[in-house]
Amino acid sequence: MAAQTSTVPFNLAEALKWLAEQDEHLKRLIDETLVFQLEIEEEQSPYEALLESIAYQSISGKAAATIFARVKALSGNGRAPTPQQMLRLRTPALRKAGLSGAKILAMKDLARKTLAGVVPALEQAHAMSDEELVERLVSVRGIGVWSVEMFLIFRLGRPDVLPVHDLGVRKGWSVTYGKRHMPSPRELLAFGERWRPYRTVASWYMWRAFERAGYAATNKILPAKASRKRK
């Protein structure tokens with residue numbers, strides 16, 4: 001049976017109207033591309049979402065999907081192994097599924113911290129602020145700020161997340177605003193103030209701009225300019 005999904009927990013029409021009024025370039029992008037879509041898996045716990053995030057780190061989506069399907073098969077019920085099951089799984093079995101040593105250590109640390117209450121249950125996560133969740137979850141091995149931001153966007157549907165280190169968002173910004181260089185994270189953070197309180201939606205459209213431009217064009221975008229040091 002397919003996982004149940006839901007739409008975003010904020011007023012999308014209001015968000016699109018607000019962003020179009022604040023930013024002419026973004027308005028054009030919104031008009032020319034797909035309508036914002038974000039499907040949230042209702043049944044997926046924070047632990048399961050982060051486990052999947054670890055599996056997907058640093059490899060292609062297709063390869064990650066294959067590996068994560070093998071990891072789920074180890075549970076025997078088609079879902080991701082529970083924290084208790086993950087701690088009982090032997091390293092050779094996880095290696096055979098395709099996980100690296102680093103990812104195995106990260107998944108087991110995630111399982112331990114879930115059982116210890118560091119990783120919140122879904123209801124608790126909904127009651128926490130973005131900042132609280134970042135501070136709590138980056139204590140898990142292998143989970144950085146970017147992984148938490150993806151969790152905030154794609155599992156919790158938070159409306160105002162701007163992943164300033166995300167390559168797709170940064171290159172999409174360069175495409176949208178006709179820049180030869182990517183913005184630095186600090187520059188993108190400052191620029192993104194005009195998108196509050198809907199920076200998630202703006203980020204989603206930066207990803208669409210990146211995809212629409214294609215790799216041939218986006219590979220030509222230069223790294224962020226080095227900031228000049230004060231004398």
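I call a residue buried under 20% relative accessible area, exposed over 50% and partly exposed in between, using a 1.4 Å probe and protein chains only.

**Entry 1: ground rules**

I am reading a predicted model, where local features need pLDDT of at least 70, side-chain atom pairs count only at pLDDT 80 or more, and totals for chains, interfaces and linings use all residues. I number residues from 1 along each chain as its sequence is written, and my side-chain values use heavy atoms, with hydrogens and water left out. For helices (H or I, at least four residues) and strands (E, at least two) I follow the DSSP runs, numbered from the N terminus.

**Entry 2: S58**

I began with S58, which sits in the loop between α3 and α4. Is S58 buried or exposed? I found it exposed, at 81% relative accessibility. I also noted its phi, near 65°, a positive value in a residue other than glycine.

**Entry 3: helix α3**

I looked up how covered α3 is, and nine of its 11 residues are buried. Among them I marked P46, Y47, L50, L51 and I54. What do the buried residues of α3 pack against? I listed α4, α5 (83-88), α7 (101-115), α8 (122-127), α9 (130-137) and α10. Contact here means heavy atoms within 4.5 Å.

**Entry 4: α3 against α4**

I then took the pair α3 (residues 46-56) and α4 (residues 61-73), which pack at an angle of about 125° with their axes 8 Å apart. The axes are lines fitted to C-alpha atoms, for helices over the stretch in contact, and the angles run from 0 to 180 degrees between N-to-C directions. The two helices are therefore oblique to each other. As I sort them, angles under 35 degrees are roughly parallel, over 145 roughly antiparallel, 65 to 115 roughly perpendicular and the rest oblique.

Which residues meet here? From α3 I wrote down E48, L51, E52, A55 and Y56, and from α4 G61, A64, A65 and F68. By class, this contact has six nonpolar, one polar and two charged residues. In that count, Ala, Val, Leu, Ile, Met, Phe, Trp, Tyr, Cys and Pro are nonpolar, Asp, Glu, Lys and Arg are charged, and the others, Gly among them, are polar.

I stepped back to E43, in the loop between β2 (40-41) and α3. At 40% relative accessibility, E43 counts as partly exposed. I checked E43 against L122, which is 79 residues apart from it along the chain, and their C-alpha atoms are separated by 9.5 Å.

I noted V148, M150, F151 and L152 among them. The buried residues of α10 pack against α3, α9 and α13.

I also visited D109, in helix α7. At 11% relative accessibility, D109 counts as buried. Leaving aside its neighbours within four places in sequence, I found D109 in contact with S139, V140 and R141.

**Entry 5: salt bridges**

How many salt bridges does the structure hold? I have 11, where a salt bridge is a side-chain nitrogen of Lys or Arg within 4 Å of a carboxyl oxygen of Asp or Glu.

I followed R199 and D160, whose side chains meet in a salt bridge (3.0 Å, N to O). R199 lies in helix α13 (residues 199-213) and D160 in the loop between α10 (145-154) and α11 (167-176), so the pair ties together parts that are 39 residues apart in sequence. R199 is buried at 9% relative accessible area, and D160 is buried at 15%.

E193 and R196 also meet through their side chains (3.0 Å, N to O). E193 is partly exposed at 39%, and R196 is partly exposed at 35%. I then saw that D160, E193, R196 and R199 are linked in a network of salt bridges.

My last pair was E211 and R208, in a salt bridge of 2.9 Å, N to O. These residues are three apart in helix α13, so about one helical turn separates them. R208 is buried, with a relative accessible area of 15%.

P197 is found in the loop between α12 (185-191) and α13.
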